[in-house]
Protein chains: 2
Amino acid sequence: MNDYVRDGAEIYRRSFATIRAEADLTGLPDGVARTAVRMIHSCGMVDLVADLAYSPGVVDAARAALLAGAPVLCDTRMVAAGVTRARLPADNPVICTLSDSRVPGLAHQLATTRTAAAVDLWRDRLDGAVVAVGNAPTALFRLLELVESGAGRPAAVIGVPVGFIGAAESKRALAEHPSRLEHLVVHGRRGGSAMAAAAVNAIASEDE
Amino acid sequence: MNDYVRDGAEIYRRSFATIRAEADLTGLPDGVARTAVRMIHSCGMVDLVADLAYSPGVVDAARAALLAGAPVLCDTRMVAAGVTRARLPADNPVICTLSDSRVPGLAHQLATTRTAAAVDLWRDRLDGAVVAVGNAPTALFRLLELVESGAGRPAAVIGVPVGFIGAAESKRALAEHPSRLEHLVVHGRRGGSAMAAAAVNAIASEDE
């Protein structure tokens with residue numbers, strides 16, 4: 001049978017060493033570099049760095065918010081499932097409102113997707129939160145609308161929705177938004193729930 | 001504010017049309033092509049097809065198993081969270097044993113990762129199951145060991161673990177395994193929980 005590495009810690013160590021050897025992390029602030037390493041780990045692609053864009057303070061802002069107990073607001077259950085609870089510094093709530101019973105009615109009323117309607121239910125917890133959007137461009141667009149309407153200002157937004165319709169546009173809208181939210185995005189079509197969760201996990205703890 | 005498509009069904013339609021226009025699906029059996037489209041949708045990369053490998057009967061075998069009520073065995077909670085329950089044809093159980101209280105002890109005893117140890121807890125349900133591995137190469141290696149030891153034979157294996165240490169090797173081991181399991185893999189480093197769940201969702205229902 002195959003001889004393979006069975007030691008979890010050793011697998012992590014070798015994985016991160018490979019990523020650091022192959023990825024061009026030049027010029028990234030330390031916290032962003034650590035976050036990029038974990039995002040690369042989640043997708044297997046070292047060239048992800050080329051599409052990375054961020055505000056310089058995003059990791060510090062997100063980390064400070066988590067230390068202060070901020071919730072992590074996730075667009076999908078997959079993102080929420082991917083956040084490693086043991087890495088969170090303050091037993092932070094990890095929230096996905098997509099399964100809330102009000103969502104279908106709200107989506108109908110707002111004439112939008114369920115994922116975007118679910119973002120409307122973040123209103124009470126948006127201010128100072130860490131937001132992780134890994135799937136739905138409409139969730140990211142709706143988030144920006146809420147911020148514009150004065151519903152609150154998240155401490156940081158991980159914006160990595162994936163796909164072909166609206167994903168690239170929504171990430172550009174976040175990166176260029178006049179509200180100058182602290183943000184981390186992967187421009188273009190790539191992204192995903194695993195990448196969003198990996199970014200949160202990297203920010204949540206400095207342990208590799 | 002940004003003008004963006006808010007109609008979920010329309011977003012799906014345009015996304016799948018874009019994928020079918022850009023991806024080279026030539027030569028793929030119909031079921032595999034439909035599955036590839038959803039896997040591409042989950043990661044934003046039409047060139048994924050180049051790394052796809054499969055046994056010709058994999059989609060039919062997995063679909064028949066699901067229709068007969070087979071469980072979906074997932075290596076991580078993210079894969080399980082990504083399987084759309086409403087698409088499953090027989091209210092199939094979606095099982096992830098990673099949080100089982102026996103896993104840490106078993107991992108220690110077997111001197112392996114927790115994810116691989118969790119696969120050991122599939123024994124009773126392995127025969128005829130649909131397996132979806134989206135994260136851990138060690139889970140896929142362990143699965144092959146169980147099959148070799150006569151613990152049961154899954155109806156089909158979606159093998160798309162992601163990463164730098166063991167991922168490519170584990171997928172090659174599945175594709176070339178002497179047991180000739182029905183399989184679908186993405187060779188190389190790419191893969192992930194979202195891709196594994198997307199494959200299951202494609203196979204579970206013919207609705208796009």
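## Chains A and B: the interface and a sheet

Modeller: In this predicted model, the contact draws on 42 residues from chain A and 42 residues from chain B.

Biologist: Good start! How much area is buried between chain A and chain B?

Modeller: The size of an interface is often given as the accessible area lost when the parts come together. Here carbon and sulfur atoms give 67% of that area. The total buried between chain A and chain B is about 3,500 Å².

Biologist: Let's turn to charges. Which residue of chain A forms a salt bridge with B:Arg6?

Modeller: The count between chain A and chain B is four salt bridges, and nine residue pairs are in polar contact across the interface. For the salt bridge of B:Arg6, the closest N and O atoms are 3.0 Å apart, within the 4 Å cut-off. The partner of B:Arg6 is A:Glu145.

Biologist: And which helix gives the largest share of the side of chain A that touches chain B?

Modeller: Several helices of chain A each supply at least two residues to that side, including helix 2 (30–43), helix 7 (137–148) and helix 9 (193–204). The largest share is seven residues. By class, the side of chain A that touches chain B has 20 nonpolar, 13 polar and nine charged residues. The helix with the largest share is helix 1 of chain A.

Biologist: Now for the sheet in chain B. Which are the edge strands?

Modeller: Six strands form an open sheet with mixed pairing, in the order 1-6-5-4-2-3. An edge strand pairs on one side only. In chain B the edge strands are strand 1 (52–54) and strand 3 (94–95).

Biologist: Does strand 1 of chain B run parallel or antiparallel to strand 6?

Modeller: Three bridges join strand 1 to strand 6 (residues 183–186) of chain B. Along this pair, B:Leu52 stands opposite B:Val186. The two strands run antiparallel.

Biologist: Last one: which residue of strand 5 in chain B stands opposite B:Val130?

Modeller: Strand 4 (residues 130–133) and strand 5 of chain B run parallel, joined by four bridges. In strand 5 (residues 156–159), B:Val157 and B:Gly159 point one way, B:Ala156 and B:Ile158 point the other way, and all are buried. The residue opposite B:Val130 is B:Ala156.

Note on methods. Residues numbered from 1 in each chain as written. Chains lettered and ligands numbered in written order. Predicted model: local features only at pLDDT ≥ 70, side-chain atom pairs only at ≥ 80, totals over all residues. Heavy atoms only, no water. Contact = heavy atoms within 4.5 Å. Buried area = accessible area lost by both parts, 1.4 Å probe. Salt bridge = Lys/Arg side-chain N within 4 Å of Asp/Glu carboxyl O. Polar contact = N/O pair within 3.5 Å; in protein donor to acceptor, adjacent residues only side chain to side chain. Nonpolar A, V, L, I, M, F, W, Y, C, P; charged D, E, K, R; others polar. Buried < 20%, exposed > 50% of the residue type's maximum accessible area, 1.4 Å probe, protein only. Pairing = 2+ DSSP bridges.
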